[in-house]
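Please read these notes with the sequence and the model open side by side.

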Amino acid sequence: MKLLIVIPAYNEEENIERVVEELQSKYRQYDYLIVNDGSRDRTSEICHRNHYHILDLPINLGLTGAFQTGMKYAYENGYDCVLQFDADGQHLPKYISMMLEKMEEGYDIVIGSRFVDEKKNKSFRMLGSFLISKAIRMTTGRKIADPTSGMRMFNRDMIREFANNINYEPEPDTISFLVKQGAEVGEVQVHMEERIAGESYLNFSRSMKYMMRVLVSILVVQNFRKRNR
Amino acid sequence: MLSLVFRIVLIVISIGTAAYMLKKIRQSKLQIGHAIFWLVFSGILVILSLIPDLAIWGAKLLGIYSSTNFIFLIIFFLLILKCFYMTIEISSLEYRVKELAQKIALAERKEWDREQEEQDGQSKES
């Protein structure tokens, strides 16, 4: 299967080099695309200097818009699957082959999940993940152990849907919607690194807003949506 | 006191708003993030009209004469807040469109200049 690793990057000058160097040195068999989401720091400069495979958005679109750009690229260039991959070094490429194997069993989406075999710890951060899991369980009847994991792999059908439609954000509510619509979602146990440099995007008020958005979306909105294939 | 008619009107309008927003999402004409405010707004109004004691309690707490006024206050407050955020959003959108247009124009100019230079170079050679 022809895989494209899509790496949305917004102000990741401290991390991007380390992340891409590892991919380039040890995982040459996979193609990757950095989508620079209008970064205001030296992210783009670093990538161009090192001749990385990069696409620059002229303005900041946010994760959804940046990721969709990657999906459009993958769709136009005939890739069979896409891996959503963080630019901050949280995601480890050593799990990609396991996710690909799972994908070949016929799944539409494979999540690199922290909680297949391991238990969620009872921290405040995990409360959000727990609530979202519960909401998905309630509305779809399926168990997704780690809906907030940002390491997700999508097959060709999903690439087409994500590339061409509105309201396909790379977020848990879209996963819930697709599960409800009959998509097969598998999970593979992975380990994630703590963020090494830079600041996390989610502070307290943003987390609250995010939770509100995702929960209302899963519990209410997704029940009324229609799928455009 | 909230009259029964007032409560029914509130509920009907709220559900109508929510239904309209959901319809727009179904037609792929609205982003979910933008609909969340209106869904929560309708939800709050429905709750307030189903449980009149909430408005009575709120009115007493703020020293407002009637519970109807408390509901008006809530509606006012939420709409002004939304208006405020929309102003900021529109301003940022306008700025981004301007930035985008300028970037495209400058990139095109650069392209033309390069083509021109190539042509000049060729005509000198020939």
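1. Start with helix H6 of chain A, which covers residues 156-164. Both A:Asp157 and A:Arg160 belong to this helix, 3 residues apart, or about one turn. Their side chains meet in a salt bridge, with 3.9 Å from N to O. Keep in mind throughout that this is a predicted model.

2. How exposed are the two partners? A:Asp157 has a relative accessible area of 40%, and A:Arg160 has 28%.

3. B:Arg109 is partly exposed at 45% relative accessible area, and B:Asp113 is partly exposed at 36%.

4. Side chains of opposite charge can pair when their charged atoms come close. Such partners may also come from distant parts of a chain, as A:Arg142 and A:Glu184 do, 42 residues apart. The closest N and O atoms of this salt bridge are 3.8 Å apart. A:Arg142 lies in the loop between helix H5 (124-140) and strand E6 (152-155) of chain A. A:Glu184 lies in the loop between helix H7 (172-180) and strand E7 (185-189). A:Arg142 is partly exposed, with 38% relative accessibility, and A:Glu184 is partly exposed, with 34%.

5. Which residues form a network of salt bridges? A:Glu13, A:Arg42 and A:Glu45 are linked in this way. Over all chains, the count of salt bridges comes to 11.

6. B:Glu115, B:Glu117, B:Glu118 and B:Asp120 gather in a patch of negative charge on the surface. One of them, B:Glu115, is placed in helix H4, which spans residues 67-125 of chain B. A patch residue needs over 30% relative accessible area, and B:Glu115, at 41%, is partly exposed.

7. How many disulfides are there over all chains? The count is 0.

Methods: Residues are numbered from 1 along each chain as its sequence is written. Chains are lettered from A and ligands numbered from 1 in the order in which they are written. This is a predicted model: local features need pLDDT of at least 70, side-chain atom pairs count only at pLDDT 80 or more; totals for chains, interfaces and linings use all residues. Side-chain values use heavy atoms; hydrogens and water are left out. Patches are made of residues with over 30% relative accessible area and no salt bridge: like charges are joined within 9 Å, nonpolar side chains (Val, Leu, Ile, Met, Phe, Trp, Tyr) within 5 Å. Accessible areas come from the Shrake-Rupley method with a 1.4 Å probe; for residues, only the protein chains shown count as cover. A salt bridge is a side-chain nitrogen of Lys or Arg within 4 Å of a carboxyl oxygen of Asp or Glu. Lys and Arg count as positive and Asp and Glu as negative; His and the chain ends are not counted. The place of a charge is taken as NZ of Lys, CZ of Arg, CG of Asp or CD of Glu. Helices (H or I, at least four residues) and strands (E, at least two) are DSSP runs, numbered from the N terminus. Buried means under 20% relative accessible area, exposed over 50%, partly exposed in between (1.4 Å probe, protein chains only). A disulfide is a pair of cysteine sulfur atoms within 2.5 Å.
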